[in-house]
Amino acid sequence: MDIDQDDFVVEKVIKISCGRFVKGMMLGIVLILILGGCQKVNKNEDAELISKAKATAVKHMKDKYGLDVEITDAKKMPTYVVYKVNFKGNVLGREEQTFGISVDYKTQETSNFLYSPELKTVLMEKGYKPRE
């Protein structure tokens, strides 16, 4: 069997191409692993931010309205939108007395307090004048 120089060059090019492909795949896998690890760090940071903001929301409801509450849902807003966590919850033992409140996780200031009609009645009985 005769092997000419052109056949050898084609074989060598294919080997080089395969080598680049394998290197590219390895780089891709490394990047996926790194980015996956970064997401885990961000989730841990988010959990810490949410936990601190949750404590602020619960304390605010106790200090301002004298209510013991539980948080039933938390959602951190994207940082490019706003530095807030939105919470939903209810008065302990009173699932119909629901509320929503936002906490700025950089300043720990509360805002956007929303409440159900049932909670509005309780607040009015305590002497608070909820906004209309």
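The legends below describe close-up views of a predicted model.

Residues are numbered from 1 along each chain as its sequence is written. In this predicted model, local features need pLDDT of at least 70, side-chain atom pairs count only at pLDDT 80 or more, and totals for chains, interfaces and linings use all residues, while side-chain values use heavy atoms, with hydrogens and water left out.

View 1. Lys84 lies in S2, residues 84-91; strands (E, at least two residues) and helices (H or I, at least four) are DSSP runs, numbered from the N terminus. Lys84 is buried and has no salt bridge. Buried means under 20% relative accessible area, exposed over 50%, and partly exposed in between (1.4 Å probe, protein chains only). A salt bridge is a side-chain nitrogen of Lys or Arg within 4 Å of a carboxyl oxygen of Asp or Glu. The nearest side chain of opposite charge to Lys84 is Asp104, 6.0 Å away; Lys and Arg count as positive and Asp and Glu as negative, with His and the chain ends not counted. Residues in contact with Lys84, not counting those up to four places away in sequence, include Lys76, Met77, Asp104, Tyr105 and Ser111; contact means heavy atoms within 4.5 Å.

View 2. S2 pairs with S3 (residues 94-104) in the antiparallel sense over eight bridges; two strands pair if DSSP finds at least two bridges between them. Val85 has Val103 in S3 as its bridge partner. The hairpin of S2 and S3 has two residues between the strands, and Gly93 takes a positive phi near 80° there. S3 also runs antiparallel to S4 (residues 110-115), to which four bridges join it. Gly100 stands opposite Leu114 in S4. In the hairpin of S3 and S4, with five residues between the strands, Gln108 takes a positive phi near 65°.

**View 3. Salt bridge between Lys76 and Asp46.** The structure holds three salt bridges. In the one between Lys76 and Asp46, the closest N and O atoms are 3.5 Å apart. This pair links distant parts of the chain, with Lys76 in strand S1 (residues 69-76) and Asp46 in helix H1 (residues 5-65), 30 residues apart. Asp46 is partly exposed, at 27% relative accessibility.

View 4. Lys59 and Asp63 meet through their side chains in a salt bridge of 2.5 Å, N to O. The two are about one helical turn apart because they are four residues apart in helix H1. Both Asp63 and Lys59 are exposed. Lys62 forms a salt bridge with Asp68, with the closest N and O atoms 3.1 Å apart. Lys62 is partly exposed at 39% relative accessible area, and Asp68 is partly exposed at 43% relative accessibility.
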